[in-house]
Amino acid sequence: MSGPLVVVGDALLDRDVTGTVSRVCPDAPVPVLDEHTTVDRPGGAGLAALLAAAQDTEVALVTALADDAGGTHLAELLAQAGVVVYPLHLPGSTAEKIRLRAGGQTLLRLDRGGDPQPPGEPPEAVREVLAQARAILVSDYGRGLVRQPMLRVALAEASAPVVWDPHPRGPAAVAGARLTTPNLAELRQLTGDAGAGSALSTATRAGHELRRCWRVGAVAVTMGPDGAVLCHAGSTPLVVPPPSTPDRVEDTCGAGDRFAATAALALGDGALVTEAVGAAVAAASAYVAAGGATGLDREPARRPTPDAARTAEALVAAVHADGGTVVATGGCFDILHAGHVATLQAARRLGDCLVVCLNSDGSVRGVKGPERPVNPETDRARLLAALDCVDAVVVFDEPTPHRVLARLRPDVWVKGGDYAGDGGPDLPEADLVHRWGGQVVTVPYLTGRSTTGTISAARQRGLHLVKGAV
């Protein structure tokens, strides 16, 4: 089945600080960690997306990103892994989890970012990527993203199989989800089951209760080294043991994400739920045996494929970090013509990268009327991204690019010369760009080229052909 695996959930920034402990602090009975290495990686739903992308599959991540250094860094890490990010606005700060580790053990975890804030509404591009998904993995980390009403409606309406990895502080899965994947402790909290009897009896009893209450197709209860218990139609559960048990478990962080991502990919490829859970147990077991999240740091970094999309935020951060100049331009680019290309090529020569802010389909209709656009935003974005002079494309839903400009903060904002001729008025974005010291310029424009003119000429040509045939 075509289409990406779409991961939906709260993305975090994880940092592992690893070192050695050889003494105790003189002013308190606590160990002193001498730092050797620090490794940053996407966490939460970001880790689930990272693990899925490592399986050489197309992955999109719907998450909320804050306008801070942590959010920029998180976007860059995801882009480097080949994950295409569809961001919602996140008020406040990026959530961070910092683990202090020595000798293969976690000594302390420090959490930053404060209380979660409700995210903004999903743009149209989020609804479209969910509609095109091969499979959907909801990776809930309890920070509120999957409570967003419009996002829940889009998830409920999606035709792709939905796997829901829940959190005790999160909401119920959308009705009709194919599979939900709590661990045993999460399951007990979600159902209020006291856990009387063996772990197997608790998983079976509470798993069927969760399936009934949430109206989902099946519940796979992950049991750590004991594999998983699948509660589906009928009263008899399916117990799926791991293929082997590792001699030493170094780090289980991310094992649940590996399990859920593998199950979602299998269901997206047409596997039965029993087959998907079997594959997920094997994948999670291999992941833990390889060292879990710390094992990822020992593997060679996965390089994005040449056509892997890089988020505009990540590109801007990288160019600014190198002291470069970020150039941006915007428009509908409905039917790409020579005038557009001339403007884009001229804009690219003004700096070290060019970001195109592209009006979404809804935005184009609001600006140009109900008969536009001729080409959908996915096609328009793909054509623009294929040009050598364009380094990134970001789609916006609003009538003007003010919000996306405020997020990207380019050094130079460019428009074709037809927008402001000699002595003409300032561009409407000028005041905004000037606030962070940016420049607003126009570049020469090829006269006689316009989308409206192209459409009109095509219609006239079609009319003449029809008359000639008559």
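**A loop and the sheet beside it**

Author: With a relative accessible area of 46%, arginine 409 is partly exposed; that label covers the range between buried (under 20%) and exposed (over 50%), found with a 1.4 Å probe on protein chains only. You are looking at a predicted model, in which local features need pLDDT of at least 70 and side-chain atom pairs 80 or more, while totals for chains, interfaces and linings use all residues. Residues are numbered from 1 along each chain as its sequence is written, and side-chain values use heavy atoms, without hydrogens and water.

Arginine 409 sits in the loop that links α14 (402-408) to β17 (412-416). These labels are DSSP runs numbered from the N terminus: helices are H or I with at least four residues, strands are E with at least two. Most residues other than glycine have a negative phi.

β17 belongs to an open sheet of five strands in the order β16-β15-β14-β17-β18, and the pairing is parallel. At the edges stand β16 (392-396) and β18 (439-443); each has a single partner strand, so one side of each has no neighbour in the sheet. On average, neighbouring strands of this sheet are turned by 30° against each other, direction ignored. Angles like this run from 0 to 180 degrees between N-to-C directions, with axes fitted to C-alpha atoms, for helices over the stretch in contact.

A helix lies against these strands too. Helix α10 (residues 312-321) packs on the sheet and touches β14, β15 (353-359) and β16, where contact means heavy atoms within 4.5 Å. The direction of α10 makes about 155° with that of β15.

Five bridges join β17 to β18, and the two run parallel; at least two DSSP bridges are needed for strands to count as paired. Along this pair you can find lysine 415 opposite threonine 442 in β18.

The sheet also leads us to a second residue with a positive phi. Phenylalanine 333 has a phi near 50°, and this residue is not glycine either. Its place is the loop between β14 (326-331) and α11 (338-348). Is phenylalanine 333 buried or exposed? At 8% relative accessibility, phenylalanine 333 counts as buried, whereas arginine 409 is partly exposed.

One more loop deserves a stop. Proline 373 lies between α12 (361-368) and α13 (377-385). The peptide bond leading from arginine 372 to proline 373 is cis, with omega near 5°. Most peptide bonds are trans.

For another example of parallel pairing, go to β9 (residues 162-165). Val162 and Trp164 point one way from β9, Val163 and Asp165 point the other way, and all are buried. Four bridges join β9 to strand β8 (residues 135-139), and these strands run parallel; isoleucine 136 stands opposite valine 162. β9 is also joined by two bridges to the parallel strand β10 (residues 179-180), with valine 163 opposite leucine 179.

Finally, step back to the whole chain. It has 16 helices and 18 strands, and 48% of its 470 residues count as buried.
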